[in-house]
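Here's a quick briefing to read with the structure open beside you. Have a look around first, then come back for the notes.

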Amino acid sequence: MKPRTLPDHTPSDSIQDAGEDVTPVAKKAVNRRSFLKNSVVAGAAVTAGVAMFENIPSALAEESHGHLTRGDAAILRWLAAAEIIETDLWQQYNELGGIQDAEVPGGSGSPDYTAAINQLDGDMNQYIHDNTEDELSHETFINAYLISKDVSPVSLDQFRTLPSSKATGAQQIGRLTNLTQLTVDTTWWTRYRSRTGNPDLGGTFPPAIPSLAVGQHPGIPRTDDDLTDPNFLQAIANTAGFHFANIEVGGSSMYPGLAQRVTSVEALRILLSIGGTEIMHFQTWQDKAGNAPPLTAVDRVTGVAVTFPDLNSPPFGGEDFQTNLIMPEPTVFLSRKLPVCSIIRPTATKGAAKAALQCFVNMGVFIGQSPAFFDLLNRLVEEADDAKRGIS
């Protein structure tokens, strides 16, 4: 797959000076007035974000002592934005293929799509629901924590302009993301099975499902017409199954990558604790994707074909593709002179936020978004990647 690049309005120096340096912990607290002056959230968005949390008990601020360094605040603000984006993705999946209840309200479900998703596992609808709830809790917690530290929260509400699926069961509201034109990178499959490669050391990996990296594929039914062909509907469900892991593998690497840049122990605790759940999500979806029924289907709307092979049979098969190898195989880490080790990969810190944003862009989930949306996200990742441990 040829990666897309960020739009032209990406700042040219977006990851300059985002080196691996770790300096002694500085004692100066962040200059809140200066930080807010340079905040990327415009007035309307700030107002919307604050309104979301206006009922937070004042005791929260009393329990959370101290101030955030500029770098810690920048990292947490980018993570808040990333979690908002993930919530938007998962909410759309949950409305059609998950469980709609008081914990994750919205939508009314699509029985046919849910049945196709459940071909990958009989509990898929519960897992989708729980992943959605988790991401919502992450965005809410991080923004509330920022408020408790006198840092403005992040809101992307002004960019909820993309259309919803027109299939029965989906809410007709504005979205941040687009799940109908996906390009899914499945190189994570072989990356975690490789015993010799690590992207931090220049390793590259073949995709498990090559055709998902070519053209654009729906991960949810676009209209009820997509429900009429059972084979194509299963292809949509299979696409979603591999996209689930594609979403969560990014967070699995982003959190440990950025954790190396935070200064306060409390901020480190947040990144390690939330990052661990992202890893649990990825492990779940990697396991379920391996159950996708083999098939070939052609999208009658776009003419794009997709093939889901039997990954346990030739020309696939072997450890690089075996479906029940869901634990990270030991591989090279830090140096090829050291013994192999079972690890999350990649975890390099330089450009970690930028890489996560690029992953979203490559998926196609931002197709149709505005230049202002990319300007905001690019600024957030630039500030997060510029953070250095111990610099106030």
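What follows is a short tour, from the overall layout down to a few single residues.

Keep in mind that this is a predicted model. The chain has eleven helices and two strands, and along the sequence they run α-α-α-α-α-α-α-α-α-β-β-α-α. Of its 392 residues, 53% count as buried. Among contacts between residues at least 6 apart in sequence, 80% join residues at least 24 apart.

Two packed helices are described by the angle between their axes and the distance between the axes.

- H4 with H6: H4 covers residues 70-97 and H6 covers residues 124-148, and their axes come within 8 Å and cross at roughly 150°. Angles over 145 degrees count as roughly antiparallel, so that's the label for H4 and H6. H4 passes H6 in a left-handed crossing. The residues in this contact split into twelve nonpolar, ten polar and five charged.
- H4 with H8: the axes of H4 and H8 come within 12 Å, crossing at roughly 170°. H4 and H8 are therefore roughly antiparallel too. H4 passes H8 in a left-handed crossing.
- On the H4 side of the H8 contact you'll find Ile75, Trp78, Leu79, Ala82, Glu83, Glu86, Leu89, Trp90 and Tyr93, and they meet Ala240, His243, Phe244, Ile247, Glu248, Met254, Tyr255 and Leu258 in H8. By class, that contact has 13 nonpolar, one polar and three charged residues.
- H4 with H11: this pair packs at an angle of about 140°, with the axes 8 Å apart. H4 and H11 are therefore oblique to each other. The crossing of H4 and H11 is left-handed.
- In the H11 contact, Ala74, Ile75, Arg77, Trp78, Ala81 and Ile85 of H4 meet Leu377, Leu380, Val381, Glu383 and Ala384 of H11. This contact has nine nonpolar, no polar and two charged residues.
- Ile75 and Trp78 turn up in the H4 list for H8, and Ile75 and Trp78 are also in the H4 list for H11.

- H9 (residues 265-289) has 25 residues, which at 1.5 Å a residue should span 36 Å; its end C-alpha atoms are 36 Å apart, so the two agree.
- The buried residues of H9 are Ala267, Ile270, Leu271, Ile274, Gly275, Glu278, His281, Phe282, Trp285, Gln286, Lys288 and Ala289. They pack against H4, H6, H7 and H8.
- An α-helix has 3.6 residues a turn, so residues three or four places apart point the same way.
- Buried in H11 are Phe373, Phe374, Leu376, Leu377, Asn378, Leu380, Val381, Glu382, Ala384 and Asp385. What covers them includes H4, H8 (230-259) and H10 (352-363).

- Leaving aside neighbours within four places in sequence, Glu135 is in contact with Glu83, Glu86, Thr87, Trp90, Glu248, Glu278 and His281. Glu135 and Glu83 are 52 residues apart in sequence, yet 5.9 Å apart in space, C-alpha to C-alpha.
- Thr190 is found in H7, a helix of residues 187-191. At 2% relative accessibility, Thr190 counts as buried. Not counting residues up to four places away in sequence, Thr190 touches Phe205, Pro206, Asp320 and Phe321.
- Lys166 sits in the loop between H6 and H7. Beyond its neighbours within four places in sequence, Lys166 is in contact with Gln172, Arg222 and Thr223. Lys166 and Asp225 are 59 residues apart along the chain, with their C-alpha atoms separated by 9.8 Å.

Key
Residues numbered from 1 in each chain as written. Predicted model: local features only at pLDDT ≥ 70, side-chain atom pairs only at ≥ 80, totals over all residues. Heavy atoms only, no water. Axes fitted to C-alpha atoms, helices over the stretch in contact; angles between N-to-C directions. Helix = DSSP H or I, 4+ residues; strand = E, 2+ residues; numbered from the N terminus. Parallel < 35°, antiparallel > 145°, perpendicular 65-115°, else oblique. Left-handed = near helix turned anticlockwise from the far one by under 90°. Nonpolar A, V, L, I, M, F, W, Y, C, P; charged D, E, K, R; others polar. Buried < 20%, exposed > 50% of the residue type's maximum accessible area, 1.4 Å probe, protein only. Contact = heavy atoms within 4.5 Å. Expected span 1.5 Å × (residues − 1).
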